[in-house]
Amino acid sequence: MKLLVKLGGTLLDSAASADALARQIVAARASGVELVVVHGGGKQMTRFLAERGVESRFVNGLRVTGPEVVDAVLKVFAGTVNHELVARLNRAGALAVGITGIDALLVEAEQMDPELGAVGRVVKSNSGLLHALLGGGFLPVVACVAGDRDGNVYNVNADQMAVACAVAFGVDQLVFLTDVEGVLDGSKQVQRQLTAEESRQLIVDGAATGGMQAKLEAAMAALAGGVAAVRIAPGAAAGVLDRLLAGEEIGTRLVRGGVQTA
């Protein structure tokens, strides 16, 4: 089984949570799962910038990324957050390797909108580096930074980075571990399974907005790209990854359409 796990930055801001997830990821690999990790770090980024007197500005949920923020993207996403997670995974028994989309042009991007600065839109992904690392027994840990062939650096939404890597790598399942229980409907009830069409309707109806809208749009892109199933699940739930791999229905499972089961 090929699996990509995307870890939200909020989960990594707690040592206990990050350590627990690291142990579960290592256990999954020991059971034979081919696994890639992608992570965010928005909370850590906002704190880093605030400590230096730089105000974080967002447009439609995307962080405006001027030159000073590009520098912070490399220091925080590719630096502190990535390597602290790598260290935790190594302590749990993995041989983890921290990389970004820049490395070997794993994920190429282009500027999304000049008003957003160096915010990137993914245009291409190449899984060769992931296959090489996994073939050598290493665990790839990907920070949400991309580049292009002209040497530009882009801040890429972590969910979009996860989708790009998942589609290129050909995973069987993409799991978003986040700080919510799952996808809620208009009555604030967790939906255990959604098709792409039902997900679009939640967005149209205004039940899914902001970060959840972004996750649903990323999930739909993954499904369209060939990923069989996507899960949005609470990363802080005890043993969440172990339980998901055992077939327990936690959070929300998104599928292409029709009646499907785990």
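Reader: How many nonpolar, polar and charged residues does the lining of the largest pocket have?

Author: The model shown is predicted. The general idea is that rolling a probe the size of a water molecule over the atoms shows where empty space is left. In this case, the lining of the largest pocket has 12 nonpolar, 16 polar and 7 charged residues. The volume of this pocket is about 970 Å³. Its lining comprises 35 residues, and Gly61, Asn157, Asp159, Gly211 and Lys215 are the closest to its centre.

Reader: Which element supplies the largest share of the lining of the largest pocket?

Author: That element is α8, with 8 residues. Elements that each supply at least two residues include α3 (42-51), α6 (158-169) and α8 (210-224).

Reader: Which residues lie nearest the centre of the second largest pocket?

Author: They are Gln44, Arg47, Thr80, Val81 and Glu84, from a lining of 15 residues. The second largest pocket holds about 240 Å³ of space. Here α4 gives the most to the lining, namely 6 residues. By class, this lining divides into 7 nonpolar, 3 polar and 5 charged residues.

Reader: What lines the largest cavity?

Author: A cavity is a space where the probe fits but cannot get out. The largest cavity, with a volume of about 40 Å³, is lined by Leu3, Gln173, Val175, Leu241, Leu244 and Leu245. The most residues, 3, come from α9. The lining has 5 nonpolar residues, 1 polar residue and no charged residues.

How values were computed
Residues numbered from 1 in each chain as written. Predicted model: local features only at pLDDT ≥ 70, side-chain atom pairs only at ≥ 80, totals over all residues. Heavy atoms only, no water. 1 Å grid on protein atoms, 1.4 Å probe; cavity = no way out; pocket = protein on both sides within 12 Å on 5 of 7 lines; lining within 4 Å. Points joined across faces, edges and corners; volume = space filled by probe spheres on them. Helix = DSSP H or I, 4+ residues; strand = E, 2+ residues; numbered from the N terminus. Nonpolar A, V, L, I, M, F, W, Y, C, P; charged D, E, K, R; others polar.
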